[in-house]
Amino acid sequence: MPEQYEPGSEADFERLYRNTYRRILGTLITVLGDRAAAEDCAQDTFERAYKSWASWRPDAPVEAWLHRIAINVAIS
């Protein structure tokens, strides 16, 4: 069963960060081909995710939501 997260919960966001950072960074390294740029984008991704964490809908897979934010950050 996938991890359960409560939108807006600080503790859950910290757990989400710990559980997904490496995969998000890996995706960004693959997309950008540059580790330093990928690290910057990963930071921006989690910043944006944190700002909208309270409005995340648990019916949407949280990691897919994060990857969408990451791809949008990488494109912009």
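What follows is a set of questions and answers on a predicted model.

Me: How many helices and strands does the protein chain have, and in what order do the elements run?

Reply: The secondary structure has zero strands and three helices. Read from the N terminus, the order of the elements is α-α-α.

Me: What percentage of the contacts in the protein chain with a separation of 6 or more comes from residues 24 or more positions apart?

Reply: The count takes in contacts with a separation of 6 or more. Within that set, the share from residues 24 or more positions apart is 56%.

Me: What percentage of the residues is buried, and what part of the accessible surface belongs to carbon and sulfur atoms?

Reply: Of the 76 residues, 34% count as buried. The accessible surface of the chain is about 4,900 Å². The part of that surface belonging to carbon and sulfur atoms is 52%.

Me: How many positive and negative side chains are there, and how far apart are the centres of the two sets?

Reply: The protein chain carries 12 negative and 9 positive side chains. The distance between the centres of the two sets is 4 Å.

Me: Where does helix α1 bend?

Reply: Helix α1 covers residues 10–32. Its buried residues are D12, F13, L16, T20, I24, L25 and L28. The helix bends by about 50°, and the bend is at T20.

Me: Which helices are included in what covers the buried residues of α1?

Reply: Among the buried residues of α1 are I24, L25 and L28. Just after α1, G33 has a positive phi of about 70°. The cover over the buried residues of α1 includes α2 (35–51) and α3 (62–75).

Me: Is T45 buried or exposed?

Reply: T45 sits in helix α2. Beyond its neighbours within four places in sequence, T45 is in contact with I24, L28, L66, I69, A70 and V73. Buried means under 20% relative accessible area. The value for T45 is 0%, so T45 is buried.

Me: Which residues is A38 in contact with, leaving aside its neighbours within four places in sequence?

Reply: A38 is also part of helix α2. It is buried, with a relative accessible area of 0%. G8 is 30 residues from A38 in sequence, and their C-alpha atoms are 26 Å apart. The contacts of A38, leaving aside neighbours within four places, are L25, L28, I29 and L32.

Me: Is E47 buried or partly exposed?

Reply: E47 lies in helix α2. Its C-alpha atom is 16 Å from that of A64, 17 residues away along the chain. E47 has 41%, so E47 is partly exposed.

Me: Where is W56, and what is its relative accessible area?

Reply: W56 is found in the loop between α2 and α3. Not counting residues up to four places away in sequence, W56 touches Y5, P7, P61, V62 and W65. E6 is 50 residues from W56 along the chain, with 8.9 Å between the C-alpha atoms. W56 is buried, and its relative accessible area is 6%.

Me: Which residues does Y5 touch, not counting those up to four places away in sequence?

Reply: Y5 belongs to the segment before α1, and it is buried with a relative accessible area of 9%. Y50 is 45 residues from Y5 in sequence, and 13 Å separates them in space, C-alpha to C-alpha. The residues that Y5 touches are D12, R15, L16, N19, W53, W56 and V62.

Technical notes:
Residues are numbered from 1 along each chain as its sequence is written. This is a predicted model: local features need pLDDT of at least 70, side-chain atom pairs count only at pLDDT 80 or more; totals for chains, interfaces and linings use all residues. Side-chain values use heavy atoms; hydrogens and water are left out. Helices (H or I, at least four residues) and strands (E, at least two) are DSSP runs, numbered from the N terminus. Buried means under 20% relative accessible area, exposed over 50%, partly exposed in between (1.4 Å probe, protein chains only). Contact means heavy atoms within 4.5 Å. Accessible areas come from the Shrake-Rupley method with a 1.4 Å probe; for residues, only the protein chains shown count as cover. Lys and Arg count as positive and Asp and Glu as negative; His and the chain ends are not counted. The place of a charge is taken as NZ of Lys, CZ of Arg, CG of Asp or CD of Glu. The bend at a residue is the angle between axes fitted to the seven residues ending there and the seven starting there.
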